[in-house]
Amino acid sequence: MNRALLLLAPAILLSACNKGVELKNASVEDVAEATKDAHFIKAGQWSTTSEIVSVNLEGLPAEAQKMGVSISKSMIGRKNSFESCVTEAQSKKPATDLFAGGDKGNCAYDKFSMAGGKIDAVMSCTSPNGPGKVTMSMNGDYGDEAYAINVAMKMPGSPGMPGSGMTMKAKNSGKRTGECKKG
């Protein structure tokens, strides 16, 4: 689901912040402003992995629960890995929508704390066409050369659509593997 991937983006990309940030009930613009001078990941080649740890489809009727468990199990353990080159300019400033999850003003942080090698944040997003408030939390450790962040997302079900609610947990990690590869 595109929304889930967009919400995971901050956890995948965040890595190192030398200046501590502590905010509550903040807009994505507030968080972006507070972190605009922060140092992010070190430039170079990065290997990043995201793994789905658990999936729970909520509100399934009894006759669909077996199928729901099967679908959930098929998603657990899936890993997406990729290599990327982070330029010096990219390492100093995140993409403009990094903290917004691509939702252009429909998201806000209940809390955002990033300091001393730890990140702890809860973000809520609403969509005019969606079933309600989607909540994502992330927490973990970060440094210039590596990060490991746990992500949890809760999406409410749509009225009249049993099983459309979902809770998903993932873990994201990345490490710098050296200088960018040529070509």
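1. A residue is called buried when its relative accessible area is under 20%, exposed when the value is over 50%, and partly exposed in between (1.4 Å probe, protein chains only). By this definition S50, at 12% relative accessibility, counts as buried. S50 is found in strand β2 (residues 44-58); helices (H or I, at least four residues) and strands (E, at least two) are DSSP runs, numbered from the N terminus.

2. On the basis of the note: this is a predicted model, in which local features need pLDDT of at least 70, side-chain atom pairs count only at pLDDT 80 or more, and totals for chains, interfaces and linings use all residues. Residues are numbered from 1 along each chain as its sequence is written, and side-chain values use heavy atoms, with hydrogens and water left out.

3. On the overall arrangement: the protein contains 4 helices and 8 strands. Read from the N terminus, the order of elements is α-β-α-β-α-β-α-β-β-β-β-β. Of the 183 residues, 41% are buried. With contact defined as heavy atoms within 4.5 Å, 64% of the contacts with a separation of 6 or more are between residues 24 or more positions apart. The protein exposes about 9,900 Å², and carbon and sulfur atoms supply 54% of that area; accessible areas come from the Shrake-Rupley method with a 1.4 Å probe, and for residues only the protein chains shown count as cover.

4. On S50 and its partner: the side chains of S50 and N172 make a polar contact of 2.7 Å. A polar contact is a pair of N or O atoms within 3.5 Å; within protein, one must be able to donate a hydrogen and the other to accept it, and residues adjacent in sequence count only if both atoms are side-chain atoms. N172 belongs to strand β8 (residues 165-178) and is buried, at 1% relative accessibility. Leaving aside neighbours within four places in sequence, S50 is in contact with R78, K79, N80, K171 and N172.

5. On the disulfides: a disulfide is a covalent bond between the sulfur atoms of two cysteines. Here the criterion is a pair of cysteine sulfur atoms within 2.5 Å, and the count comes to 2. With bonded cysteines counted along the chain, the pattern is 1-4, 2-3.

6. On C85 and C180: these cysteines form a disulfide with their sulfur atoms 2.0 Å apart. The link is right-handed, with 90° about the S-S bond. C85 lies in strand β3 (residues 79-86) and C180 in the segment after β8, so the bond ties together parts that are 95 residues apart in sequence. C85 is partly exposed, with a relative accessible area of 39%, and C180 is partly exposed as well, at 25%.

7. On C107 and C125: a disulfide joins these two cysteines, with an S to S distance of 2.0 Å. This link is right-handed, with 110° about the S-S bond. C107 is in strand β4 (residues 107-115) and C125 in strand β5 (residues 118-125), 18 residues apart. C107 is buried, with a relative accessible area of 6%; C125 counts as buried at 1% relative accessibility.

8. On the interior: a nonpolar core is a set of buried Ala, Val, Leu, Ile, Met, Phe, Trp, Tyr and Cys residues joined through side-chain atoms within 4.5 Å. The largest such core has 22 residues, and those with the most contacts inside it are Y109, F112, I119, M123, M138 and I149. Two or more residues of this core come from each of β1 (21-27), α2 (28-34), β4, β5, β6 (134-142) and β7 (146-155). A second, separate core of 11 residues includes I52, M75, M153 and M168.

9. On aromatic pairs: rings of Phe, Tyr and Trp (its six-membered ring) pair if their centres lie within 6.5 Å; planes under 30 degrees apart count as stacked, over 60 as edge-to-face and the rest as tilted. A search of the whole structure finds 2 aromatic pairs. In the pair of Y109 and F112, the ring centres are 5.3 Å apart and the planes stand at 85°, so the pair is edge-to-face. Both Y109 and F112 are buried.

10. On the loop between β4 and β5: G116 is found there and is exposed, with a relative accessible area of 77%. G116 and Y142 are 26 residues apart in sequence and 8.6 Å apart in space, C-alpha to C-alpha.
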